[in-house]
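User: I have a model open and want to go through it with you. Can we start with the overall make-up and then look at the packing?
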Amino acid sequence: MVRIILAIIVLALSAYQLITENFELMPYSMLFLGAIMLVTGLAELQKDRKGFWGYMNIVISLFIFIFYIPYFL
């Protein structure tokens, strides 16, 4: 349920940015995209699929969060 809500937010922000060609909301879009990746990775780990993709999703989400922190400070 959380993934669906986050996906709708990212889709709406991305569509707005493409239509208006105003990319000031890109950090927020990436923040929500990182949240989707984090939730997906945690869901994979909770399903006892301790494989490569669960950890990879968490690493990618942390990379996105670290990279976009300066835009929020």
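User: How many helices and strands are in the chain?
Analyst: The chain has three helices and zero strands. Helices (H or I, at least four residues) and strands (E, at least two) are DSSP runs, numbered from the N terminus. This is a predicted model, in which local features need pLDDT of at least 70 and side-chain atom pairs count only at pLDDT 80 or more, while totals for chains, interfaces and linings use all residues. Residues are numbered from 1 along each chain as its sequence is written, and side-chain values use heavy atoms, with hydrogens and water left out.

User: What does the C-alpha trace span?
Analyst: About 40 × 25 × 15 Å along its principal axes. Of the 73 residues, 30% count as buried, where buried means under 20% relative accessible area, exposed over 50%, and partly exposed in between (1.4 Å probe, protein chains only).

User: On to packing. At what angle do H1 and H2 pack?
Analyst: At about 155°, with the axes of H1 (residues 2–20) and H2 (residues 26–46) 9 Å apart. Axes are lines fitted to C-alpha atoms, for helices over the stretch in contact, and angles run from 0 to 180 degrees between N-to-C directions. The angle therefore makes H1 roughly antiparallel to H2; the cut-offs are under 35 degrees for roughly parallel, over 145 for roughly antiparallel, 65 to 115 for roughly perpendicular, and oblique for the rest.

User: Which residues of H1 and H2 make the contact?
Analyst: On H1 they include Leu6, Ile9, Val10 and Leu13, and on H2 they include Phe32, Leu33, Ile36 and Val39. Contact means heavy atoms within 4.5 Å. By class, there are 13 nonpolar, four polar and one charged residues. Ala, Val, Leu, Ile, Met, Phe, Trp, Tyr, Cys and Pro count as nonpolar, Asp, Glu, Lys and Arg as charged, and the others, Gly among them, as polar.

User: And where does H3 come in, relative to H2?
Analyst: The axes of H2 and H3 (residues 52–72) come within 8 Å and cross at roughly 155°. H2 is therefore roughly antiparallel to H3. Their contact has 18 nonpolar, six polar and one charged residues.

User: What is methionine 26 in contact with, leaving aside neighbours within four places in sequence?
Analyst: Gln17 and Tyr68. Separately, methionine 26 and serine 14 are 8.0 Å apart, C-alpha to C-alpha, and 12 residues apart in sequence.
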